Amino acid sequence: MPTKTVLEAVRDALHDEMKRDEHVFIMGEDVGPRGNVFRITAGFLEEFGRERIIDTPLAEASIAGVAIGAAMMGMRPVAEIQFADFIYPAYNQIVGEAAKIRYRSAGGNTCPLVIRTPYGGGVRGALSHSVSIEALFYHVPGLKICAPSTPRDTQGLLVAAIRDDDPVLFLEHKKTYRLVKGDVPDGDFTVPIGKADVARAGTDVSVITYGLMRHFAVDAAERIASEGVEAEVIDLRTIRPLDRETILNSVAKTRRALIVHEDQKFGGVGAEIAAIIAEEALFDLDAPIRRVAGPDVPAMGYAKEYEDPFMPSPERIAAAIRDIAAL
Amino acid sequence: MKSEAKIRAALPEGLLPETVRDMYERMVLTRLCDDRAFALNRQGKIPFAATCQGHEAAQMGAAFAIKRGSDWVFPYYRDTALAIGVGVTPRQQLMCLFARKADVFSSGRQFPNHYSVPELHIASISSIIAAHVTHGVGAALTFSMRKQPLIALISFGEGATSEGEWHEAMNFAGIHKLPCVFFCENNEYAISVPQRLQMAVKNVADRAAAYGFAGVICDGLDPIATYSAVRDAVEKARRGDGPTLVEAKVYRAMSHTSDDNQLTYRTSEEIESVKLRDPIPRFEAWLKDRGFIDDATIKDVKAKAQTAVDEATDWAEAQPPPSEDDLFTHVYATGPLS
């Protein structure tokens with residue numbers, strides 16, 4: 001099994017699907033000769049040609065809208081929003097259109113579209129290259145949202161997303177791109193959309209998370225194991241549809257739930273997970289549900305002094321596990 | 001232009017007398033469907049109605065300029081005549097008005113006149129103004145990529161041309177010389193806002209210059225003139241010579257929808273004057289002048305259309321509404337998920 005980075009996993013998934021299915025094409029800003037700003041599609045233009053690797057005008061609404069139109073015609077577009085912070089002009093297309101096309105046409109039209117975008121902070125990306133956008137889209141039925149964090153999950157889920165018959169928002173945490181390495185199976189494989197992964201088994205506290213925070217949570221769990229607390233880390237991988245079963249099974253076992261995400265706390269994904277646990281498993285719990293999340297300020301600032309306290313750290317997660325385990 | 005003004009355009013080569021009669025019949029049918037929608041709304045039988053009165057000639061001309069059923073249409077909510085021109089039936093129209101379960105457009109989910117008929121290659125649209133314009137461009141991109149001899153006809157009102165997405169769509173189509181026709185039905189009002197508060201240019205067609213392709217203007221009260229303008233644009237697109245923006249000058253004969261009252265922003269003199277410019281009697285006179293139709297045929301056409309609309313109304317009213325289960329269908333390919 002080859003070892004690769006998350007970035008290489010994205011590239012390989014795109015490359016293999018482009019080769020496998022001529023309906024797949026890529027459109028976005030700087031995806032052509034530049035090969036995307038992270039060099040994910042480097043060499044694609046030479047291999048697949050200008051018709052399938054389309055450098056778009058700097059206009060996100062049309063990146064999404066044109067891709068939607070092509071998807072309605074049976075293509076499998078992979079549209080790239082260069083940074084998640086730039087997705088807002090495309091919000092109307094993704095939420096108002098893509099998510100509703102199947103429903104509003106009673107299945108007459110469909111929208112098998114993937115919108116990929118790098119998100120997340122911790123890279124000195126300042127206000128407009130650090131944002132987490134999942135909560136803004138999480139509310140919308142009709143969309144699927146993947147936010148994997150390992151090379152294997154990234155490659156397998158991206159392939160699954162391209163083959164999916166509904167619109168998928170595919171979130172890639174940009175700090176994981178080169179930081180996280182791991183084994184990835186050879187050949188054609190998928191990871192099912194909507195299934196969580198038990199990243200670390202444990203018996204005392206369930207830590208429910210996704211994205212870069214999976215790695216921080218596993219780190220925190222390893223640190224605290226020496227204190228005799230075994231935390232179970234659930235990596236959601238897909239945040240809509242949500243794998244309720246894995247969450248509730250874990251909580252039933254550990255009787256304690258900690259939710260961790262980098263996105264701001266208020267109205268975040270964690271709020272929904274907490275509500276599901278409260279609605280369906282309240283009497284399983286021995287302690288209140290806790291959340292470790294980004295602060296409720298408008299954005300992640302550029303200075304280290306703004307960025308560091310915004311990002312949940314393994315230390316903060318470990319402290320929260322310790323607190324909840326003591327209750 | 002006065003009511004008695006004749007349509008001057010000659011019958012374009014290739015357009016047969018039976019084709020123009022067909023166009024006329026569908027315009028009459030559209031008008032009766034439109035009238036029926038407002039009548040049903042006043043009777044409290046349907047919650048909402050939208051009109052295309054004043055646009056029938058432009059829409060029918062555009063419909064007949066494409067390969068109906070092959071080329072894709074991305075209409076907007078005022079395109080009843082375009083839809084009927086492409087092949088929507090009175091029963092389908094009435095099923096959508098009554099929001100019935102078997103409504104082919106949306107199974108009773110969408111407002112009236114939000115067409116989606118995959119078999120006729122009419123794409124699903126929302127009410128978000130200009131949101132479908134990039135979709136039509138994406139379809140044209142597909143035709144170009146897949147070397148399919150198809151074009152996308154994308155229609156909208158002049159108000160839509162203020163939207164940023166409209167400009168993004170025009171820009172993208174111009175860059176890639178895509179096989180599409182942008183068809184603007186300029187009726188001078190976006191609900192209540194007149195064109196002079198919508199844009200500083202005199203014609204919507206003027207905007208095309210910024211995107212590297214031609215903008216042309218036609219008399220949208222004349223189905224033949226509109227047919228010719230759109231057909232030229234369609235042929236150009238099919239040759240691989242890129243898009244055209246066709247602006248059909250029309251008027252809106254009624255309020256925006258059944259929920260609007262145009263007397264709050266339009267003078268009664270203006271409202272009366274536009275009624276005199278009804279495209280249907282004008283087309284009738286033109287057809288008679290050329291011997292394509294006579295009074296007996298006109299009477300017959302109107303009677304048949306009335307019967308079809310009456311039959312469709314009774315039939316659709318008796319059809320079942322969506323059931324409780326329908327709330328949760330077509331969320332995802334695999335059913336509802338959370």
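**Domains, chain contact and a parallel sheet**

Reader: How many Å separate the centres of domain 1 and domain 2 of chain A?
Author: Quick housekeeping: residues count from 1 along each chain as its sequence is written, while chains are lettered from A and ligands numbered from 1 in the order in which they are written. This is a predicted model, where local features need pLDDT of at least 70, side-chain atom pairs count only at pLDDT 80 or more, and totals for chains, interfaces and linings use all residues. Domain 1 of chain A runs over 3-183 and domain 2 over 197-326, with bounds from an automatic or database domain assignment. Taken over C-alpha atoms, their centres are separated by 26 Å.

Reader: How many residues of domain 1 of chain A are in the contact with domain 2?
Author: Two residues count as in contact if their C-beta atoms, placed from the backbone, lie within 7 Å. Domain 2 of chain A puts in 24 residues, and domain 1 of chain A 25.

Reader: And which elements give two or more residues to that side of domain 1 of chain A?
Author: Helices (H or I, at least four residues) and strands (E, at least two) are DSSP runs, numbered from the N terminus. By that scheme, the elements are helix 6 (134-138), strand 6 (144-146) and helix 7 (151-163) of chain A.

Reader: Switching to the contact between the chains, which helix of chain B gives the largest share of the side that touches chain A?
Author: The contact takes 36 residues from chain A and 33 from chain B. Helix 5 and helix 6 of chain B each supply at least two residues of chain B's side. The largest share, nine residues, is from helix 5 of chain B.

Reader: What do the buried residues of helix 6 of chain B pack against?
Author: A residue is buried if 20 or more other C-beta atoms lie within 10 Å of its own, exposed if 12 or fewer, and partly exposed in between, with C-beta atoms placed from the backbone. The buried ones in helix 6 of chain B include Trp166(B), Met170(B) and Phe172(B). They pack against helix 3 (60-72) of chain A, plus helix 5 (133-145) and strand 3 (180-186) of chain B.

Reader: Is strand 3 of chain B largely enclosed or open, and why?
Author: One face carries Cys180(B), Phe182(B), Cys184(B) and Asn186(B), the other Val181(B), Phe183(B) and Glu185(B), all of them buried. With seven of its seven residues buried, strand 3 of chain B is therefore largely enclosed.

Reader: Which residue stands opposite Asn186(B)?
Author: Strands pair if DSSP finds at least two bridges between them. Strand 3 of chain B runs parallel to strand 2 (residues 152-157) of chain B, joined by six bridges. Strand 7 (residues 244-249) of chain B also pairs with strand 3 in the parallel sense over six bridges. Within strand 7, the residue opposite Asn186(B) is Lys249(B).

Reader: Is Glu305(A) buried or exposed?
Author: Glu305(A) lies in helix 12 (residues 304-310) of chain A. Because it has 8 C-beta neighbours inside 10 Å, Glu305(A) counts as exposed.
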